[in-house]
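Here is a guided walk through a two-chain model, written for someone who likes cut-offs spelled out. Please keep the structure open beside the text as you read.

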Amino acid sequence: MADVSVPSLILFIASIVIAAGVAGVLIDTVTGISGALDDRGADVADNIRTDIEIISSAESGVYDGTNQTVTLYVKNTGRRTLPATGETFDVIVDAQYRTNVSVDVVDGGDEWTPHGVVEVQIGDLNLGTGDHRIALTVDGDEEIFRFNL
Amino acid sequence: MGFGVSGSTAVIFLGVLIASGTLYTAAAGSAEQISDARDGDSEDLLDRRNTEIDIASVVYDNDSDALEIDVRNTGTTTLSVNGTSVLVDNEHEPSASTAVEGDGGTDVWGGDQTLVINISDVSAEPDRVKVIAENGVADSNSTVEVI
């Protein structure tokens, strides 16, 4: 009797251990996927809630040739408060990525709340006469501003 | 051997149950967040489509350097006065005093009501005035009456 029971017991324990291992890996993987799904959902929801609008008119006055800067007013028409820093914006001027971007809240307060307006200054721009195109991207929302000098 | 098979099946089944529970919670939460955001977005879109503003008159007083802008809400969306922005010659004017139908303290700018915006210290006659509602709908006027 003991001859049969011992191998059976070993096989039983082995099968349980393997099953537990498989279940453990499954739970671990699915937990990872769930976490990623949760983060992705929050990111997509934030992107949907984000909306900005460039309110400056396309006049040549937006470009200051002396200081080589372009000044644009941007309104937060979405539902989220956005950080009013240069890092919030991805700025592309005439197909070139620009990093010298400063942002100031112009209608009072420290934060760029919904309905608020910020002044975006893009520096180090040596623009000649002709048509120019500025693309501002905040959390997936892209706004295009075209003007002529 | 029989116990081994049923035992391991039970363990794996339990694992699948826990995993699907976790996945469902995350997927449902995520879907709810996105659907909420989409709902809000479509409401905003509807509000935007129902919004229209019209600058009725722009009067510049040469003696007192004051600018008065009368804007009528010709849409059906009730707008926020504090959310409205004014650009004079492409420069933002944050310090404007406002009144809706004579009431200077209100933030409610309803349909068919006229918002009067007064800006002081405008040194020269402006060429162009632009008023932007809270949701980005704008109107501009280049006809400035000088008194």
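At 45% relative accessibility, Ala31(B) counts as partly exposed, a class that lies between buried (under 20% relative accessible area) and exposed (over 50%), computed with a 1.4 Å probe on protein chains only. Ala31(B) belongs to helix H1 of chain B; helices here are DSSP runs of H or I with at least four residues, strands are runs of E with at least two, and both are numbered from the N terminus.

Some ground rules before going on. This is a predicted model, in which local features need pLDDT of at least 70 and side-chain atom pairs count only at pLDDT 80 or more, while totals for chains, interfaces and linings use all residues. Residues are numbered from 1 along each chain as its sequence is written, chains are lettered from A and ligands numbered from 1 in the order in which they are written, and side-chain values use heavy atoms, with hydrogens and water left out.

**The helix of chain B**

How far apart should the ends of helix H1 (residues 2–49) of chain B be? With 48 residues at 1.5 Å a residue, the helix should span 70 Å, and its end C-alpha atoms are 69 Å apart, which agrees. The expected span is 1.5 Å times one less than the number of residues. Among the buried residues of H1(B) are Gly4(B), Gly7(B), Gly15(B), Ala19(B), Ala26(B) and Asp44(B).

Chain B is divided into domain 1 (1–49) and domain 2 (53–146), with bounds that come from an automatic or database domain assignment. The centres of these two domains, taken over C-alpha atoms, are separated by 50 Å. Ala31(B) and Asn141(B), 110 residues apart in sequence, have C-alpha atoms 44 Å apart.

**The strands of chain B**

An open sheet of five strands in chain B has the order E6-E8-E2-E1-E11, with mixed pairing; two strands pair if DSSP finds at least two bridges between them. Strand E6 (97–100) and strand E11 (145–146) are at the edges, each with a single partner strand, so one side of each has no neighbour in the sheet. Beyond E6, in the loop between E6 and strand E7 (108–109) of chain B, sits Glu101(B).

| Strand | Partner strand | Bridges |
|---|---|---|
| E1(B), residues 53–61 | E2(B), residues 66–73 | eight bridges |
| E4(B), residues 85–88 | E9(B) | four bridges |
| E9(B) | E10(B), residues 138–141 | four bridges |

Within these pairs, Asp61(B) has Ala66(B) in E2(B) as its bridge partner, Ser85(B) stands opposite Ile132(B) in E9(B), and Val131(B) stands opposite Asp139(B) in E10(B). From strand E9 (residues 129–132), Val129(B) and Val131(B) point one way while Lys130(B) and Ile132(B) point the other, and all are buried. The hairpin of E9(B) and E10(B) has five residues between the strands, and there Gly136(B) takes a positive phi near 95°.

Ile55(B), in strand E1, counts as buried at 5% relative accessibility. Leaving aside neighbours within four places in sequence, the contacts of Ile55(B) include Ile69(B), Val71(B), Val129(B) and Asn141(B), contact meaning heavy atoms within 4.5 Å.

**The core of chain A**

Which residues touch the most other members of the largest nonpolar core? They are Val74(A), Phe89(A) and Ile134(A), in a core of 25 residues. A nonpolar core is a set of buried Ala, Val, Leu, Ile, Met, Phe, Trp, Tyr and Cys residues joined through side-chain atoms within 4.5 Å. Strands that each supply at least two residues of this core include E3 (69–76), E7 (117–122) and E8 (131–138) of chain A. Apart from it lies another core, of 21 residues, including Ile53(B) and Val71(B).

His132(A) lies in strand E8 of chain A and, at 8% relative accessibility, counts as buried. A polar atom of its side chain is 2.7 Å from the backbone oxygen of Gly128(A).

Most residues other than glycine have a negative phi. Ala95(A) has a positive phi near 70° and is exposed, with a relative accessible area of 76%. Glu101(B) has a positive phi of about 50° and is likewise exposed, at 51%.

Definitions and conventions:
A polar contact is a pair of N or O atoms within 3.5 Å; within protein, one must be able to donate a hydrogen and the other to accept it, and residues adjacent in sequence count only if both atoms are side-chain atoms.
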